[in-house]
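Visitor: Hi, could you walk me through this one?
Guide: Happy to, let's have a look together.

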Amino acid sequence: MLPAFFTQAGAAVGALGGVYYLVETLAGRARPNRVTWLLWGLFPMIAFAAQRAQGIQAASWTTFAAGFTPLLVFGASFLNPRAEWRTEPRDYALMGAALLGIILWAFTRNPNLAILFSLLADALAAVPTALKVWRHPGTESWAAYAISAAGFGVSLAGMPVLDFANGAFAGWVFLVNASFALLASPLRTRRTGS
């Protein structure tokens, strides 16, 4: 296990991946699915609040970093018309299911249950982008996902206590980013021709 300092350092690097994706979006090279990125911004903020309610300090900033930059990406997708990805009815259905997870969270007083519902909601929110990166990997920024995966991996390794409340969200964000980095890799983009 790394020293606890790496938790914050990893969160900062993870956020840099989001900033890189933001730049790619503003330039029109990345075309984010707005449903995914909006929800990817909101749900970590809920998990952040749940962690803070449990007195979790260092690891909560990793969760905050996981949510702040997606909110910026969502906003940036409206600034460049080339950055827009069409939203399908399925995306809205998944958004509804994801929001149901948040409603369930509102009815519980258990912070770990709130984190679990946020993770489930985040997974549902990731589906539209997972389908998009599978079918059209060239519309995503593999480097941004790789930077974020590296950062959240370091953050996870630096957590002084690796239990559900501390590590679940960072672990999930690491897995999603690593998966999307692989799916959007230049080699795969060349193979699919997109």
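**A helix to start with**

Guide: Helix α1 (residues 5-27) has 23 residues and spans 34 Å from its first C-alpha to its last, close to the 33 Å expected at 1.5 Å a residue. That expected span is 1.5 Å times one less than the number of residues. Helices here are DSSP runs (H or I, at least four residues), strands are runs of E of at least two, and both are numbered from the N terminus.

Visitor: Before we go on, what kind of model is this?
Guide: This is a predicted model, where local features need pLDDT of at least 70, side-chain atom pairs count only at pLDDT 80 or more, and totals for chains, interfaces and linings use all residues. Residues are numbered from 1 along each chain as its sequence is written, and side-chain values use heavy atoms, with hydrogens and water left out.

Visitor: Thanks. Which residues of α1 are buried?
Guide: Among them are Gly 10, Gly 14, Gly 17, Gly 18, Tyr 21 and Glu 24. Buried means under 20% relative accessible area, exposed over 50%, and partly exposed in between (1.4 Å probe, protein chains only).

Visitor: And what do the buried residues of α1 pack against?
Guide: They pack against α2 (34-53), α3 (58-76) and α6, with contact meaning heavy atoms within 4.5 Å.

Visitor: What follows α1?
Guide: Gly 28 does, and its phi is positive, near 85 degrees.

Visitor: Back to Glu 24: which residue does it meet in a salt bridge?
Guide: Arg 29, at 2.8 Å, N to O. A salt bridge puts a side-chain nitrogen of Lys or Arg within 4 Å of a carboxyl oxygen of Asp or Glu. Glu 24 is buried at 11% relative accessible area, whereas Arg 29 is partly exposed at 48%.

Visitor: How many salt bridges does the structure hold?
Guide: It holds 3. One of them joins Glu 140 and Lys 132 at 2.5 Å, N to O; Glu 140 is buried at 6% relative accessibility, and Lys 132 is buried at 3%. Arg 90 also forms one with Asp 91, with the closest N and O atoms 3.0 Å apart.

Visitor: Are Arg 90 and Asp 91 buried or partly exposed?
Guide: Arg 90 is partly exposed, at 28%, while Asp 91 is buried, at 0%.

Visitor: New topic: how many helices and strands are there?
Guide: The chain has 8 helices and 0 strands. Buried residues make up 49% of its 194 residues.
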